[in-house]
Amino acid sequence: MSTEPTKEELMARIAELEKQAGSKKSGRLEFKVSEKGGVSVYGLGRFPVTLYYEQWIRLLDTADNLRHFLEENKGKLKLKSND
């Protein structure tokens, strides 16, 4: 037999959902540990980007190379400002 949530429980849930909705609209990045132990980044696009620790370290170690690659190929890339 299920019981109805209390007013306090409903208000807490509403507050939690409002907080989540606000963070999605702010453009802020949010990090979470996934159930499988990866790190997910929310706020980059429609879906989160999830990598494991070693993958994040490899990516971060090549950040300068990635930034250089992006700048060299900027003319070939689709940019939001080009829409």
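Guide: Let us begin with aromatic pairs. A pair of aromatic rings is described by the distance of the centres and the angle of the planes. Rings of Phe, Tyr and Trp (its six-membered ring) pair if their centres lie within 6.5 Å, with planes under 30 degrees apart counted as stacked, over 60 as edge-to-face and the rest as tilted. Zero aromatic pairs are found in this structure. The model is predicted: local features need pLDDT of at least 70, side-chain atom pairs count only at pLDDT 80 or more, and totals for chains, interfaces and linings use all residues. Residues are numbered from 1 along each chain as its sequence is written, and side-chain values use heavy atoms, leaving out hydrogens and water.

Visitor: Which charged end sits over the ring of Tyr 42?

Guide: A charge sits over a ring if NZ of Lys or CZ of Arg is within 6 Å of the ring centre and within 35 degrees of the ring normal. Here the charged end of Lys 32 lies 5.0 Å from the centre of the Tyr 42 ring.

Visitor: What is the order of the strands in the open sheet?

Guide: Strands of a sheet pair through backbone hydrogen bonds, either parallel or antiparallel. Strands (E, at least two residues) and helices (H or I, at least four) are DSSP runs, numbered from the N terminus; two strands pair if DSSP finds at least two bridges between them. In this case three strands form an open sheet in the order S1-S2-S3, with antiparallel pairing. The edge strands, each pairing on one side only, are S1 (30-33) and S3 (49-51). S1 and S2 share four bridges, and Glu 30 has Tyr 42 as its bridge partner in S2. S2 (residues 39-42) pairs with S3 over three bridges, with Val 39 partnered by Leu 51.

Visitor: Which side chain makes a polar contact with that of Ser 40?

Guide: A polar contact is a pair of N or O atoms within 3.5 Å; within protein, one must be able to donate a hydrogen and the other to accept it, and residues adjacent in sequence count only if both atoms are side-chain atoms. The side chain of Ser 40 makes such a contact with that of Thr 50, at 2.6 Å. Another, of 2.9 Å, joins the side chains of Glu 72 and His 68.
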